[in-house]
Amino acid sequence: MRSFKRSGVLGSMLLAAILLVTACGGKGGNAGSAIPSAESSAEASSSTPAATTPAAKKNIKFYGKIVEYTSGEKMVSELQEQLKDKYNIEGIQVDWANLEKIIKTGIASNTPADIYQFWPQNMKTFADANQALDLTPYLEADNGAWKQTFNPTLLELGKFDGKYIAVPLGSNFSVIYVNNAIFEKAGIPVPTKWTWEEFIAASKTIKEKTDAYPFAIGKEKDIQPWLARNGILSLGKSEGKLEDLAAGKVPGTDPIFSKVLSNIKALYDNQYWYPGKGALTVSRDEAKSAFYQGKVAMLAEVSANAGGIIADAKDFEVSVASWPSMGAENAVLGGADGLFIPANVTDKDAAVEVLKTYLNESIQKIHADEGYAAANVNVKVSDPVIQRIMELSADVQAKEFYNFGPKIAAFFEQEFIPNHVLVGQSEASVLDKLEKVRLDTLNK
Amino acid sequence: MTALSSQRKKMIGTGILFMLPALAFIAFAIFIPTIWNVVLSFQEWDGFLHREWVGFHNYKEALLEENVRKSLFNSIYLAVAMTFAALVIGTGLAGFIYRLGRREGAIYRLILFMPVMLPVAIIGLLFTFMYNPEMGLINQLLRTIGLGSWAQAWLENPDTVLLSIIIVGIWRLTGLTMMLVFAAMQNIPVSLFESSKLEGASYARQFFSIVLPLIKPIVQLSAIFTLVLAFKSYDLVFVMTEGGPGILSRTIPLQMIDTAFTYSEFGYSAAMGFLLTIAVMLIILITSRILRGTSYEY
């Protein structure tokens with residue numbers, strides 16, 4: 001009895017000790033040991049080295065698998081295949097809705113992925129906090145061999161304070177997909193480039209002559225603000241204020257913002273925006289479904305989805321039109337999909353090697369063959385729709401007021417349109433708040 | 001005497017040993033993060049390198065910023081409304097089910113408790129489809145019965161968005177309060193009902209004069225439990241509206257996430273979290289006081 005009790009006590013002590021050690025143990029994932037500080041150089045391998053194998057494969061977390069692209073899975077598979085002797089590459093699907101949170105959590109907890117997908121033109125928040133690895137030495141090594149593989153315009157999007165902190169995967173910007181059948185029924189020629197007034201006139205005709213709603217756009221915070229952002233870019237370009245807008249020098253009470261706000265309100269009040277009441281809460285998927293069902297004449301979407309949208313619109317032909325310009329000149333938001341390496345990555349050289357491989361010609365050819373405009377200049381595009389999209393990319397302006405600060409972006413995502421259109425706040429009230437946010441950002 | 005105290009010491013020691021794993025887990029999962037959060041709330045930290053002590057600056061900012069106050073109000077409003085309605089309806093349903101036969105009662109209890117078992121994200125998605133202005137079940141039903149003018153963009157209209165979320169919360173939580181109250185009613189001696197019936201009391205009279213006073217401690221417990229669940233409404237609000245449209249249905253957890261992970265203001269976010277904690281504790285205290293009842297032995 002006594003020995004049984006003793007065994008029981010010893011067993012409990014052992015269990016408690018195991019649990020305590022487990023709770024106090026190193027971080028999860030593939031890190032073999034905890035990294036003491038973010039500033040420590042990435043000397044340790046990112047994987048637990050095998051005790052007996054001399055050159056163990058390193059584990060790489062590649063947070064850049066874009067499943068929405070038909071090329072996404074294929075590119076990651078090819079990457080894993082090409083580097084199978086050196087790395088165990090885990091391709092992680094990009095969660096667009098929570099991307100920034102996921103990245104910042106990973107960096108703050110000192111267990112970041114080795115490579116992250118993020119838009120180079122939106123990297124300011126990471127640049128300001130020095131959270132992205134400076135890729136300049138790698139790009140300029142060997143007389144700029146790697147640098148020369150990129151479209152120079154797209155590569156510049158990831159340059160902040162003279163340093164390249166992100167590299168482009170392919171161009172991506174906002175466009176309008178047009179249901180040719182509805183336009184034909186309404187007797188309107190399918191546009192290529194048009195003004196906001198022409199867009200509203202076409203919307204009015206579509207509403208009068210067909211059963212379809214003229215326009216649809218998803219509620220998501222990275223999509224719905226396009227209405228405002230493109231308007232501001234277009235008007236800013238027309239008035240020669242693009243640089244000042246990007247630098248946050250234009251007050252929030254400027255007539256540019258007022259015109260954008262009133263144009264958007266008119267679009268909503270006239271019920272040109274699917275499905276009328278509830279337009280601000282329609283999801284991206286619902287907007288797309290309505291477009292495929294022929295309920296909507298024009299769908300706002302990214303250019304990179306052209307192949308998929310054209311293929312899924314089985315009952316009608318789809319054309320790609322430019323975003324209607326609110327000003328005399330057109331300018332649209334966008335830039336590129338891209339990738340970066342966090343500054344506190346475990347093994348910088350390994351991460352760069354994987355990044356270089358992913359963006360090489362053979363893998364990017366997969367991307368181009370699936371109908372996407374790859375950023376690698378050595379990859380040629382033959383699809384006429386993609387060529388058309390590449391023509392439209394001439395109007396892309398990556399530097400915009402929206403990117404001036406995270407609170408500016410949040411204001412456009414959450415308050416700019418709904419406060420005026422739904423809540424009924426006056427234009428002056430909304431713009432005063434925008435000005436306050438601008439000044440707070442400027443003074444920070 | 002010495003042998004007894006030595007025995008007692010061994011027992012205590014064994015007890016502590018068995019508690020150690022659970023204590024370790026609670027310490028790492030709850031105590032340490034809570035203390036860390038409080039400490040962080042007095043600092044400015046960008047989540048990476050820059051960190052400095054700022055005293056009560058974060059709390060002052062949180063109380064002065066309109067969006068934070070609105071989010072805090074929404075959090076409290078949603079939680080209190082959901083809890084109150086779920087409690088009243090749940091207690092009423094328990095009263096009705098108590099009168100049913102064994103089999104029928106079991107079926108009703110299962111049906112009413114099922115929403116509690118569903119994942120919140122699924123519930124949120126389900127009701128998002130139901131509230132859809134064009135294809136949603138609610139608007140379609142209203143149009144079918146000739147009340148098309150009542151059809152709304154439920155999750156877009158500023159007047160209905162919070163109410164729509166509250167209704168979902170009530171639907172989700174009512175089964176829980178119903179079950180707790182029903183279980184409490186099972187412990188009431190049947191003789192009390194019989195004797196009151198002989199006195200001429202109807203069931204309604206019995207319910208209000210006998211049942212409710214006797215089960216008040218359980219109702220209090222149920223209210224606190226439901227309140228805590230209702231305050232954890234992040235996933236429901238996120239799935240249904242993401243705090244929108246605009247910031248109309250924004251709650252403190254959503255505001256905290258944006259503050260920490262979009263604006264890189266982790267200290268400020270921690271301060272908001274602590275303010276919510278204080279608000280929750282105050283409301284629980286008030287609820288306990290209001291629903292304070294005497295425990296009876298029978």
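Reader: Let's start with chain B: how many helices and strands are there in it?
Author: Chain B has 12 helices and two strands. Helices (H or I, at least four residues) and strands (E, at least two) are DSSP runs, numbered from the N terminus. Some ground rules: residues are numbered from 1 along each chain as its sequence is written, and chains are lettered from A and ligands numbered from 1 in the order in which they are written. This is a predicted model, where local features need pLDDT of at least 70, side-chain atom pairs count only at pLDDT 80 or more, and totals for chains, interfaces and linings use all residues.

Reader: In what pattern do they come along the sequence of chain B?
Author: Chain B reads α-β-β-α-α-α-α-α-α-α-α-α-α-α. Its radius of gyration is 24 Å, well over the 19 Å that the globule rule gives for 298 residues, so chain B is more spread out than a compact globule. That radius is taken over C-alpha atoms, and the globule rule is 2.2 Å times the number of residues to the power 0.38.

Reader: What does the C-alpha trace of chain B span, then?
Author: About 85 × 75 × 30 Å along the principal axes of chain B. Buried residues account for 36% of its 298 residues. Buried here is 20 or more other C-beta atoms within 10 Å of a residue's own, exposed is 12 or fewer, and partly exposed is in between, with C-beta atoms placed from the backbone.

Reader: Switching to the interface: how many residues of chain B are in contact with chain A?
Author: 28 residues of chain B are in contact with 33 residues of chain A. Contact is C-beta atoms, placed from the backbone, within 7 Å. On the chain B side, the elements giving two or more residues are α1 (2-40) and α11 (252-262) of chain B. α1(B) gives the most, with eight residues.

Reader: And how does that side of chain B divide into nonpolar, polar and charged?
Author: The side of chain B that touches chain A has 18 nonpolar, six polar and four charged residues. Ala, Val, Leu, Ile, Met, Phe, Trp, Tyr, Cys and Pro count as nonpolar, Asp, Glu, Lys and Arg as charged, and the others, Gly among them, as polar.

Reader: OK, chain A now. Which domains does the assignment give?
Author: Domain 1 (58-171 + 335-393) and domain 2 (173-333 + 395-443) of chain A. The bounds come from an automatic or database domain assignment. The centres of these two domains of chain A, taken over C-alpha atoms, are 28 Å apart. Their contact takes 21 residues from domain 1 and 16 residues from domain 2 of chain A.

Reader: Which element gives the largest share on the domain 1 side?
Author: That's α16(A), with five residues. By class, the side of domain 1 that touches domain 2 in chain A has eight nonpolar, nine polar and four charged residues.

Reader: How do β1 and β2 of chain A run?
Author: β1 (residues 58-65) and β2 (residues 87-93) of chain A run parallel, joined by six bridges. Strands pair if DSSP finds at least two bridges between them. A:Ile60 stands opposite A:Ile89 in β2(A).

Reader: Which residues are buried in α15 of chain A?
Author: In α15 (residues 361-369) of chain A, A:Ile363, A:Gln364, A:Ile366, A:His367 and A:Ala368 are buried. The buried residues of α15(A) pack against α2, β6 (167-179) and α14 (348-358) of chain A. After α15(A) comes A:Gly371, with a positive phi near 100°.

Reader: What about phi of B:Glu242?
Author: Phi of B:Glu242 is positive, near 55°, and this residue is not a glycine.

Reader: Last one: is A:Asp161 buried or exposed?
Author: A:Asp161 counts as exposed because it has 9 C-beta neighbours inside 10 Å. A:Asp161 also has a positive phi of about 50° although it is not a glycine.

Key
Two residues are in contact if their C-beta atoms, placed from the backbone, lie within 7 Å.
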